[in-house]
Amino acid sequence: MYIYCNSQFIKDTEATISPFDHGFLYGIGAFETFRIYKGFPFLLHDHLRRLQEALRELGIYYQIDFDEIKSIIKQLVKLNGFEEEDVTARLNISAGVGEVGKLVQDYRQPTILLFIRKAPSLDVEEKNAAFLKLRRNTPEGDFRLKSHHYLNNILGKRELINHPDVEGIFLTKEGYIAEGIVSNIFWIKGSKVYTPSLDTGILNGITRLFVIKCLAILNIPCEEGFYPKEEIKDASEVLITNSSQEILAVKKFDSYELAGKDGEVYGKLNELYARFRSKLLSIDEM
């Protein structure tokens, strides 16, 4: 597989990263994962904007160039023979080499890594979900970054190691619904959609933002707030979202049976997603 690493297109087996990269030593780095539909990078502007905010928060001085990243993606798709396939891309920017033991410094030569792989099938429309015993940790800064600090997610995954088909849903330490291990969550009660507030400490997912915009277009009210886990038992539909798998309808949540892919709101959102996935570089274009 060909990847992009620090201005070079190379085989993945040829890639090297310094042992003194502070992304490796101290977890100072951020990444974005996004889906590319037959060469079209859906909502790329939004992903790069969020990544730029993360770099600023981490003290990594690097200005992301949209046209450059788009060109790199195009070249990688071609080199790997994926022109007619859907792929996911991961763009990773770590701090780069720094002085060992010095945790406060400017990072002006980050390590840039971008690779693609075959995207998960969109035929998987339904998922099971369950609340995790492990609680969601709070953001270490003012807001949650999509950063190298991924241990909470890994421990959540390990809790469900015998149930790989189940998405684990975190509660906050106060007991409020937060987010999935790799997803954001929405649920429907009556004619209204609910989703946790960013103030619970969740990641502001790009697909989450896209779904909220779609709901506005559909004139379906959406409320963000703090909700106890009992809210789910009264829901008719539960949806989980991420950039790789789009919108997945939950068929069973713990012991609760739900509408799954037969849900009305899911159907409307899925239709909008299909309409926009090969057209939008930014949610602002809607």
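This is a predicted model: local features need pLDDT of at least 70, side-chain atom pairs count only at pLDDT 80 or more; totals for chains, interfaces and linings use all residues.
How many aromatic pairs does the structure hold? There are 12 aromatic pairs.

1. The open sheet. Six strands, or 6 in the order S2-S1-S6-S5-S3-S4, make up an open sheet with antiparallel pairing. Its edges are strand S2 (8-11) and strand S4 (40-41), each of which pairs on one side only.

2. The S1-S2 hairpin. S1 and S2 are antiparallel and share 4 bridges. Within this pairing, tyrosine 4 faces phenylalanine 9 of S2. The hairpin has 2 residues between the strands. Look at asparagine 6 here: its phi is positive, near 50 degrees.

3. S1 against S6. On this side S1 pairs with S6, again in the antiparallel sense, over 2 bridges. Cysteine 5 has leucine 113 in S6 as its bridge partner.

4. The S3-S4 end. Strand S3 (residues 29-37) and S4 run antiparallel and are joined by 2 bridges. Tyrosine 37 is partnered by phenylalanine 40 in S4.

5. H2 lies across S3, S4 and strand S5 (87-94). Its direction makes about 175 degrees with S3. H3 packs on the sheet too, touching strand S1 (2-5), S2, S3, S4, S5 and strand S6 (111-118). The direction of H3 is at about 45 degrees to that of S6.

6. H2 against H3. Helix H2 (residues 44-58) packs with helix H3 (residues 66-79) at an angle of about 120 degrees. The two axes are 11 Å apart. H2 and H3 are therefore oblique to each other. The crossing of H2 past H3 is right-handed. H2 contributes Leu44, His45 and Leu48 to the contact, and H3 contributes Phe66, Ile69, Lys70 and Ile73. By class, this contact of H2 with H3 has 5 nonpolar, 1 polar and 1 charged residues.

7. Parallel pairing around S7. Strand S7 (residues 126-131) pairs with strand S14 (residues 246-253) in the parallel sense, over 4 bridges. Lysine 127 has valine 250 as its bridge partner in S14. S7 also runs parallel to strand S8 (residues 166-171), and 4 bridges join these two strands. Here phenylalanine 131 is opposite isoleucine 169 of S8.

8. H5 against H6. What is the angle between H5 and H6? They pack at about 110 degrees, and their axes are 10 Å apart. H5 and H6 are therefore roughly perpendicular to each other. From H5, the contact uses Thr207, Phe210, Val211, Cys214, Leu215 and Ile217. From H6, it uses Val265, Leu269, Leu272, Tyr273 and Phe276. The residues of the contact of H5 with H6 divide into 10 nonpolar and 1 polar, with no charged residues.

9. Return to the 12 aromatic pairs. One of them joins phenylalanine 210 and tyrosine 273 in an edge-to-face arrangement. The rings are 4.9 Å centre to centre, with 75 degrees between the planes. Phenylalanine 210 belongs to helix H5 (residues 206-217) and tyrosine 273 to helix H6 (residues 264-276), so the pair ties together parts that are 63 residues apart in sequence. Both residues are listed in the contact of H5 with H6.

Definitions and conventions. Residues are numbered from 1 along each chain as its sequence is written. Side-chain values use heavy atoms; hydrogens and water are left out. Axes are lines fitted to C-alpha atoms, for helices over the stretch in contact, and angles run from 0 to 180 degrees between N-to-C directions. Angles under 35 degrees count as roughly parallel, over 145 as roughly antiparallel, 65 to 115 as roughly perpendicular and the rest as oblique. A crossing is left-handed if the near helix is turned anticlockwise from the far one by less than a right angle, and right-handed if clockwise. Contact means heavy atoms within 4.5 Å. Ala, Val, Leu, Ile, Met, Phe, Trp, Tyr, Cys and Pro count as nonpolar, Asp, Glu, Lys and Arg as charged, and the others, Gly among them, as polar. Two strands pair if DSSP finds at least two bridges between them. Rings of Phe, Tyr and Trp (its six-membered ring) pair if their centres lie within 6.5 Å; planes under 30 degrees apart count as stacked, over 60 as edge-to-face and the rest as tilted.
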